[in-house]
Amino acid sequence: MNIAVKLMHKFKDRDNQNKLKVYQDKAEFIRKRNLEAWDDGQLQAESLRLQKEAKSGTPLDELLVDAYALVCETVKRKLGLHPYNVQIMAAIALHERYLIEQHTGEGKTLSAVMPAYLNALTGKGVHVLTFNDYLANRDAKWMGPVYRFLGLTVNSVQAGMSLLQKREAYASDITYVTAKEAGFDYLRDTIALNEADTVHRPFHYVIVDEADSLLLDEARVPLVISGESGSSKSDGICFAEVARQLNQAEHYDFDQFQRNVYLNEAGAAEAESLLGCGNLYDSHNSHLLTSLNCALHVETLFKKDVDYIVRDGKIELIEEYTGRVAENRYLPDGLQAALAAKEGLQWTAGGKILGTITLQHFISLYPRICGMTATAHASAMDFEDIYRLQVVQIPPNRPNIRIDHPHRIYTHKEAKFKALVQEILSVHRAGRPILIGTSSVEESDKLAEALAVAGVPCHVLNAKNDAEEAGIVAKAGEIGAVTVSTNMAGRGVDIRLGGGDPAQAEVVAKLGGLYVIGTHVNESVRIDDQLRGRSGRQGDPGASVFYVSLEDELLLRFGIHKAVRAPRQDEALEEPVLSSKITRIQRIVMGQNFDIHQELNCYSDMMEDQRRILYEERLGILKGEQPMSLSEQRVRLFYIDEFWADHLAYVSYLRESIHLESLARRNPIDEFHAQITQAYEQIPAKINRESANMLVRLGGSNDPAEWEKLGLKSPASTRTYIINDQYIQNKRSSWTGTTEFAYWLRTIARPIFRLSKY
């Protein structure tokens, strides 16, 4: 099978090289279109000509060379930058709707300007989806002079903007915005009762920055808009106390990899005694059982300073892939309330959910999608399967000379930690800057304390001090700098040697450049590659190494500690085959997670199909495309929203309990589809019935005051937030022979036979 995989990779590499040759030739042709002799007026007249051509229907492919040559010359004059050939090649691939892998420091921001300009010539609008508000604002301001000189408008959307400001920003030719804010604005549009209250126009072309994060890691994150929040709940404290009094093994069991927790018979009896509720499994006690399960789940499986932090009296969840605080993100209501109760805090219940969409489904609304990231190749199959996006690897402007050392593997955690501190101490003495990537806030704090005892001053970058990120990262490449970070230093960060000071940079380069150390390997090879990629930017020297112990969670899960018969020792293991086994595990887990992702999509895809059908009807009414009076419009829009919200509540209830269908030997997905289809088919009749009744009460009145009096109005207030998807964590399985065989079969067969996700 390995031979087949190698042959497949060789074929894909050859295909990538063929594409690059075409792009290289076209980039050279663009560079030869030397516009230096043109004055500003001529450049602007050329841009006007291109706009007229595009709007009259000339294919953009025919305008690409002229447009890119124009942008390159404008970039030189307005920004003082000279686009590299590889940046132009990346820009061509983006226009052709590929996902480009471009190394850190290679200038993705500038690469995106050329296709953004070209596709904005039609007047239909271009969105550049960024990782956070700061980058959206920075990039719009940085690249703005280029667009404006060429006669196009540019703007950025920031959270907290007024409706008018957002409407203006989205009306611009090029709009920089975070994926989440654009998604939230879309949800707000879906419940607007007047067209004037919407901000988006029809979607056209999108460039997704940090594409692997948005399109894969956070793809299933549900964005939510809800009505007014409910009242504060405090009954969770009682269940938290009961959960603390239950003992592991005696009262509850974990699944194989401690992803979920279950009361056993003794635990149920103890809980019934503590709650004084009789049989916990009687139907009238179902709310007690749910609350207790939530309390037990957060008590045993959610770790403070690993999964969440408490700051300013609030629970803040930590994003698994970045180590950052997951802003405006909550667990499903019961779990969030239980987590607050565990920490002795109050939780205000979420209001009625009015609309929801995953990032994957939101981004799929754009007819033309492309993206860019530093790490895509490892998940190329996932991008193609989910989004029909092929990956093109763009070579660096200068060869990458970073040295990636083999993993250093230890028999136990204590030996790894001791060796890690010693390595940092030794390298620091020479003055070489070090960036250490840790697995959690807890680990980063522990390592910082150990380094302080050893006399090594360091900067700590984790979810507790994320506001200081830019300042800390700016100094991470300075002589003698030691930066201890969670994965948050792996995204959108450009660490310059010497902190940007040329004299210092030369000294640091002679010391070997930035030294990156990982304290663990992640489930995804991509996340490891992101950390490595902080070093060796634009041909700088650098090095990376990962410290691993056989007691690390990932290795324990796959039983590597049982396969290695080495005695417990403080020295690193001298078994080269271990590194390849770890890489193999990571590939298998990525395959597992992909298959879980696909299975979970089976639940959400049908919901999204239903939402789009109903929203298409709603949008037609909102835009006045159907012959209706104003009162008929308002009434029908109101009841579409009302019954869709009821449908979402039913689906949420069904989704939480559908796994019980497997106990009755029914396929949960088939049963889920059958039940939500049956429920959805009843919605039109309900809308028609209630609309007719309300119109009788209104007596045909088109007076907005009368509508308000009868409750036909938007919610007095709404809130938007993100729900952490727990299903992926709770459904991961072990590495069995069947799993491994299925992984390799999928790896080999899917590209050959172009198997679809269905």
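Mentor: Happy to. A term to begin with: the bend at a residue is the angle between two axes, one fitted to the seven residues ending there and the other to the seven starting there. Please keep in mind that this is a predicted model. With that in hand, look at α3, which has a kink of about 30° centred on D66.

Now to its partner. Two packed helices are described by the angle between their axes and the distance between the axes. Helix α3 covers residues 60-79 and helix α6 covers residues 133-149; their axes come within 9 Å and cross at roughly 125°. The crossing of α3 past α6 is right-handed.

Which residues make the contact? On the α3 side they are V71, T74, V75, K78 and L79, and they meet W142, M143, P145, V146 and F149 of α6. Sorted by class, eight residues of this contact are nonpolar, one is polar and one is charged. There is a pattern to look for in such lists: an α-helix has 3.6 residues a turn, so residues three or four places apart point the same way.

Finally, follow the chain just past the end of α3, where G80 takes a positive phi of about 70°.

Terms used
Residues are numbered from 1 along each chain as its sequence is written. This is a predicted model: local features need pLDDT of at least 70, side-chain atom pairs count only at pLDDT 80 or more; totals for chains, interfaces and linings use all residues. Side-chain values use heavy atoms; hydrogens and water are left out. Axes are lines fitted to C-alpha atoms, for helices over the stretch in contact, and angles run from 0 to 180 degrees between N-to-C directions. Helices (H or I, at least four residues) and strands (E, at least two) are DSSP runs, numbered from the N terminus. A crossing is left-handed if the near helix is turned anticlockwise from the far one by less than a right angle, and right-handed if clockwise. Contact means heavy atoms within 4.5 Å. Ala, Val, Leu, Ile, Met, Phe, Trp, Tyr, Cys and Pro count as nonpolar, Asp, Glu, Lys and Arg as charged, and the others, Gly among them, as polar.
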